[in-house]
Amino acid sequence: MAISKVWISLLLALAVVLSAPAARAEEAAADVEAAVVEEAVLTLGADNFDDAIAKHPFILVEFYAPWCGHCKSLAPEYEKAAQLLSKHDPPIVLAKVDANDEKNKPLASKYEIQGFPTLKIFRNQGKNIQEYKGPREAEGIVDYLKKQVGPPSKEIKAPEDAATIEDGKIHIVGVFAEFSGPEYTNFIEVADKLRSEYEFAHTLHANHLPRGDSAVERPLVRLFKPFDELVVDSKDFDVSALESFIEASSTPKVVTFDKNPDNHPYLLKYFQGTAVKVMLFLNFSTGPFESFKSAYYGAAEEFKDKEVKFLIGDLEASQGAFQYFGLKEDQTPLILIQDTESKKFLKEQIEAGQIVSWLKEYFDGKLSPFRKSEPIPEVNNEPVKVVVADNVNDVVFKSGKNVLIEFYAPWCGHCKKLAPILDEAAATLQSEEDVVIAKMDATANDVPADFDVQGYPTLYFVTPSGKKVSYDGGRTADEIVDYIKKNKETAGQAAAEPTKEAAATEPLKDEL
């Protein structure tokens, strides 16, 4: 199971902090400012979205919400980029969709929008849809999209054409006897599909490549990377097999979570993956770091045949992870496993020599998972009730009441804004004995599998019969009260509906 988008949000926020944007050339900045004349970003909605996608062979679409702070920050940069790209030959189109508008919510559902802002590239009349993974400032957006509209793979005709292959990025090169046939066709298809993530090239001459060998047996795919074995080859040109080869080869055997922004893409891949995740956290700058590193890399090698991915994280850089898991610095060095069912296994104050033996115990099924929970409150008399992992089932599913529950993070700005609103709504409903408004700190408690918490705040409404729906009402106290009164069950209704049902809609959320 992939780590939730909360992880991705934390990592993106970290990347912003750790890697300040490069200084802009004065000329480029002047060009951007001069370009802002009138709005160049297309406004799309349910009534014109399909027509726009069909009209433009390449279009970048931002799905946003008017209340989202990050969307507001992106808006001027997005507009500047649209102005500049409108002059490109051919023009590159940028568009936006208000995904919070009721009429546009089916679009948001169709394209699996789980946070704001989400940007997607639509190619070939929507036949190829990719996540936008580029910068979020004007010049970066422009440079990134210009590369995306050209051929998906460039030809290497001479050694100098391959000069950038060893630039610290991942490059995938197809070596062919001729630029035709099913192998070449499949390679280009994969290149077009994955071009937003990797650099692709093709050549007739393997000796043009770094460490090239003219005697190589063609066709083959050679992947260059700045870690582990540096170069790996594959001769399987089946599309799915080629994608799997690239995916498996493009992440280090041990991903490093530190302040180096070059590691950011590998962190995203690690957290988005579905394999069992092993994470070692310690202070890189003090203590016996090298002995831990050596032992951990040895463990990764020993268990390389298992479906497991390894990460080593610096205490200072991994604060987002500590917030998410509710870990404490005095527990380090610690090793944490999250399995495919989101069960977690923790070893605090681990020693380097214990890493392999502890992992063997896990793979032998000898370890017991732990559940992270704050203590059940002894006093819980505020209008909004505090729920923790150890009593959430009793409060939400066994209380016989209609419960609106908020999953929040203490550092989440939108959660802080929502808190007094929930207090006001709960105070208004205090006379309603069959209604509870509750909140859970999702960073300090394990969220039950019944709830899909992909971002903060996420709200669900659960009725006495166990019916569970994602909250899609307004964000004022009056709107929350009206929603609860409209959707709550009476005792008679609860008796008539004894089964628990899960809603198909996504939780209301915002990525920070």
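Buried means under 20% relative accessible area, exposed means over 50%, and partly exposed lies in between, with a 1.4 Å probe and protein chains only. The views below show a predicted model, in which local features need pLDDT of at least 70, side-chain atom pairs count only at pLDDT 80 or more, and totals for chains, interfaces and linings use all residues. Residues are numbered from 1 along each chain as its sequence is written, and side-chain values use heavy atoms, with hydrogens and water left out.

**View 1. Whole chain.** The chain contains 16 helices and 20 strands; these are DSSP runs numbered from the N terminus, helices being H or I of at least four residues and strands E of at least two. Of the 512 residues in the chain, 48% are buried. Contact means heavy atoms within 4.5 Å. Among contacts between residues at least 6 apart in sequence, 70% join residues at least 24 apart.

**View 2. Two loop residues with positive phi.** Most residues other than glycine have a negative phi, and most peptide bonds are trans. Gln 125 has a positive phi of about 60 degrees and sits in the loop between strand 4 (118-123) and strand 5 (128-131). Gln 125 counts as partly exposed because its relative accessibility is 40%. For Gln 349, phi is near 50 degrees, again a positive value. The loop that holds Gln 349 runs between strand 15 (344-347) and helix 12 (355-363). With 44% relative accessibility, Gln 349 also counts as partly exposed.

**View 3. Two cis peptide bonds.** Asp 89 and Pro 90 are joined by a cis peptide bond with omega of about -5 degrees. Pro 90 belongs to the loop between helix 4 (69-85) and strand 3 (93-98). A cis bond also joins Arg 218 and Pro 219, with omega of about 0 degrees. Pro 219 is found in the loop between strand 8 (199-203) and strand 9 (220-224).

**View 4. Helix 10 against helix 12.** The axes of helix 10 (residues 289-302) and helix 12 come within 9 Å and cross at roughly 35 degrees; axes are lines fitted to C-alpha atoms, for helices over the stretch in contact, and angles run from 0 to 180 degrees between N-to-C directions. From helix 10, Phe 292, Ala 295, Tyr 296, Ala 299 and Glu 302 meet Ile 355, Val 356, Leu 359 and Lys 360 of helix 12. The residues of this contact divide into seven nonpolar, no polar and two charged; Ala, Val, Leu, Ile, Met, Phe, Trp, Tyr, Cys and Pro count as nonpolar, Asp, Glu, Lys and Arg as charged, and the others, Gly among them, as polar.

**View 5. Nonpolar cores.** A nonpolar core is a set of buried Ala, Val, Leu, Ile, Met, Phe, Trp, Tyr and Cys residues joined through side-chain atoms within 4.5 Å. The largest has 57 residues, of which Ile 172, Ile 246, Leu 311, Ile 405 and Phe 451 touch the most other members. Helix 7 (residues 182-194) gives the most to this core, with five residues. Apart from it lies another core, of 24 residues, including Leu 280, Leu 282, Ile 337 and Ile 355.

**View 6. Helix 9.** Helix 9 (residues 264-272) is mostly covered, with seven of its nine residues buried. Among the buried residues are His 264, Lys 269 and Phe 271.
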